[in-house]
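Subject: Structure handover

Hello,

Here is the structure you asked about, with its sequence.

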Amino acid sequence: MAFEPPQRLVRALGETAPDGDDWLGKLPEAARQAVSLGELTVERTQVPGGRSSLVVLVRRADGTPAVLKLAPPRFRPEAERAALAHWDGLGAVQLLDGPVTEGVLLLERLHPDVSVRSLPEAKALLEAAGTLRRLWVEPPVGDGAHTFESVAERTGRQAEAMRAGADAEVRALVDAALVAREELLAAPPERRLLHGTFRQSKVLAGERVPWLAVGPDPVVGECAFDLARLVRDRVEDLIASPSGAATVRRRVRKLAESLELDQERLRGWTLFRAVESGVRARRVGRARDAELLLEFAGWL
């Protein structure tokens, strides 16, 4: 079978590696090797798929459905492997035994086309938040434990890129986001293993339990950082609504209360993450996404 990467993945990788991507060129052969090593039968490539990996629906030698995922090093697939192993299926997709090849994961098959986004908004937020709560555990410790990036480290890199991309049009928002980050990092309230890129589309329907998280970019830090991305889910609907700003404020309050987090810390991380995403979208030419994200950030 030819393992052609979906165009969504090709475009996304082009944004992060505009000068070319050796990984894409090697991807078909890497996929064939993983299928052979794992004695897998290929059903189909998931389309449109994600923006950071190739996802292939497969069956194991005993007929069990599974998912083969291949990701380039810059998206930290080995950190994902370590986090999934640590969660061991609690709140997240189960990591399966398979060919231990760098950048290749064999995962429990969920329902790839059914996420909590299919639910009414209030129910979707409730189910997503409940899933996220189960992931917030102590990070692994001891000899051989994976060393995860911290929230301070990740947002430090992002802050540098934000400063570099802060022209006059967005400088006020960038300055506010950077101030919020400094204040939040001055006294972080906890240290937990976080999903890192959590949103409604990252919660898929499963068989073991109704909903499970997929696609983590794990990081260690405070829980409010993880919840912040969920606040802006369905941002296009929020912006289109005449009561969007009030809805966002209610969402911050309700999510913080439901997960027993500080509202101001959640608001601060929501601001930082929205501005960071908006500035990054501007930098790679996604003007519409940038406009939505920065308008949303202005409400905070």
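Which residue in S3 does Val58 stand opposite? Val58 stands opposite Ala66.

Before the rest, some ground rules. This is a predicted model, in which local features need pLDDT of at least 70 and side-chain atom pairs count only at pLDDT 80 or more, while totals for chains, interfaces and linings use all residues. Residues are numbered from 1 along each chain as its sequence is written, and side-chain values use heavy atoms, with hydrogens and water left out.

Helices (H or I, at least four residues) and strands (E, at least two) are DSSP runs numbered from the N terminus. Two strands pair if DSSP finds at least two bridges between them. Axes are lines fitted to C-alpha atoms, for helices over the stretch in contact, and angles run from 0 to 180 degrees between N-to-C directions. Contact means heavy atoms within 4.5 Å.

The four-stranded sheet

Four strands form an open sheet in the order S1-S2-S3-S4, with antiparallel pairing. Strand S1 (41-45) and strand S4 (104-108) are its edges, each pairing on one side only. From one strand to the next, the twist averages 30°. Between strand S2 (residues 54-59) and strand S3 (residues 65-70), which run antiparallel, there are six bridges. H2 packs on this sheet and touches S1, S2, S3 and S4, its direction making about 150° with that of S3.

The three-stranded sheet

The order in this open sheet is S5-S7-S8, again with antiparallel pairing. Its edge strands are S5 (111-115) and S8 (211-213), each of which pairs on one side only. Here the twist averages 55° from one strand to the next. S5 pairs with strand S7 (residues 203-205) in the antiparallel sense over two bridges, and His111 stands opposite Ala205 in S7. Helix H4 (residues 121-135) lies across S7 and S8, at about 55° to S8.

The second largest pocket

A pocket is an open set of points on a 1 Å grid over the protein atoms alone where a 1.4 Å probe fits, with protein on both sides within 12 Å along at least five of seven lines; lining residues have an atom within 4 Å of a point. Its volume, the space filled by probe spheres set on the points, is about 290 Å³ for the second largest pocket. Of the 17 lining residues, Trp23, Ala30, Ala71, Glu102 and Gly103 are the closest to the centre. Helix H2 (22-37) and helix H3 (77-87) are the elements that give two or more residues to this lining. H2 gives the largest share, six residues.

Regards
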